[in-house]
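Please look over the sequence and the model shown here before reading on. The report that follows takes up a few local features in turn.

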Amino acid sequence: MGEITAETSSADLLVDLIISLDGYASAEGWPGWWGLEGPEYLAWLEQEGEKDYTILLGANTYRLMSGMSEKAAAGGSGFSEDEGASLTGLAAVPKVIFSSTLQAPLTWPNSELVTGDAVEAVTEMKRTGTGPLSTLGSLSLCRSLLTAGLVDRFRLVVFPVITGRTGRERIYDGYPGVSLEMVDSRTFDGRLQLLEYVPTVLSGPPGSGPK
């Protein structure tokens, strides 16, 4: 019981982020996707949504996204058609939420609450799981999982904006040193850049160890 065998399946974990050129996840007063979503990017998002990811979220992202999803489903929310479809579609996706403050049962459909340590829980999910895992927002959760060496792919879509003083949620604050091996890249709509890497957490800057 609990012994790892050669037949044990493993679920790859993808950290998936959108980011402004100056390193923010969002910006005050700016629309969703910084107003730069185009047909190629939206078609790619739809294709990604059809993959069998289990989505990992922290409590703050759960509260935000579940509320937005409910508003989009109700209609008249002010979301664009594409934003609304993306948000309402999340209700059908299996989700695991890590929180010590939320209470079960969660109201957003297909949501499982985990109150214990996220790193321990995701380690077990990767050991026993049969499908891929992906984060949604949840910057502190992403940082913890990356620092623990659990992330198999680190994917960014870079939006060509500098949000400056309006920028919110700096993505890389508190990160360890990480080397990145690029495994995929592409451009959407002539302006958005997808960058996908295999990350390796470093114990210090390259060349800083014993000679």
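Is Trp-34 buried or exposed? Trp-34 is buried, because its relative accessible area is 6%, where buried means under 20% relative accessible area, exposed means over 50% and partly exposed lies in between, with a 1.4 Å probe and protein chains only. Trp-33 also counts as buried, with a relative accessible area of 14%.

Trp-33 lies in the loop between β2 (24-27) and α1 (39-49), and Trp-34 is found in the loop between β2 and α1 as well; such helices (H or I, at least four residues) and strands (E, at least two) are DSSP runs, numbered from the N terminus. The phi angle of Trp-33 is near 55°, which is a positive value in a residue other than glycine, and the phi of Trp-34 is likewise near 55°. Most residues other than glycine have a negative phi, and most peptide bonds are trans.

## How the model is read

This is a predicted model, in which local features need pLDDT of at least 70 and side-chain atom pairs count only at pLDDT 80 or more, while totals for chains, interfaces and linings use all residues. Residues are numbered from 1 along each chain as its sequence is written, and side-chain values use heavy atoms, with hydrogens and water left out.

## Strand β4 and its partners

Strand β3 (residues 54-58) and β4 pair in the parallel sense over four bridges, and β4 and β5 also pair in the parallel sense over four bridges; two strands pair if DSSP finds at least two bridges between them. Phe-98 in β4 is the bridge partner of Gly-58, whereas Ser-111 in β5 is the bridge partner of Lys-95.

From β4, Lys-95 and Ile-97 point one way while Val-96 and Phe-98 point the other way, and all are buried.

## A buried lysine

Lys-95 lies in strand β4 (residues 95-98), and it counts as buried because its relative accessibility is 3%. A polar atom of its side chain lies 3.3 Å from the backbone oxygen of Ala-91. Leaving aside residues up to four places away in sequence, Lys-95 touches Ile-55, Leu-57, Leu-90, Trp-108, Pro-109, Asn-110, Ser-111 and Glu-112, where contact means heavy atoms within 4.5 Å.

## A cis peptide bond

Which residues does a cis peptide bond join? The cis bond joins Ala-104 and Pro-105, with omega about 0°, and Pro-105 is found in the loop between β4 and β5 (111-114).

Terms used. A polar contact is a pair of N or O atoms within 3.5 Å; within protein, one must be able to donate a hydrogen and the other to accept it, and residues adjacent in sequence count only if both atoms are side-chain atoms.
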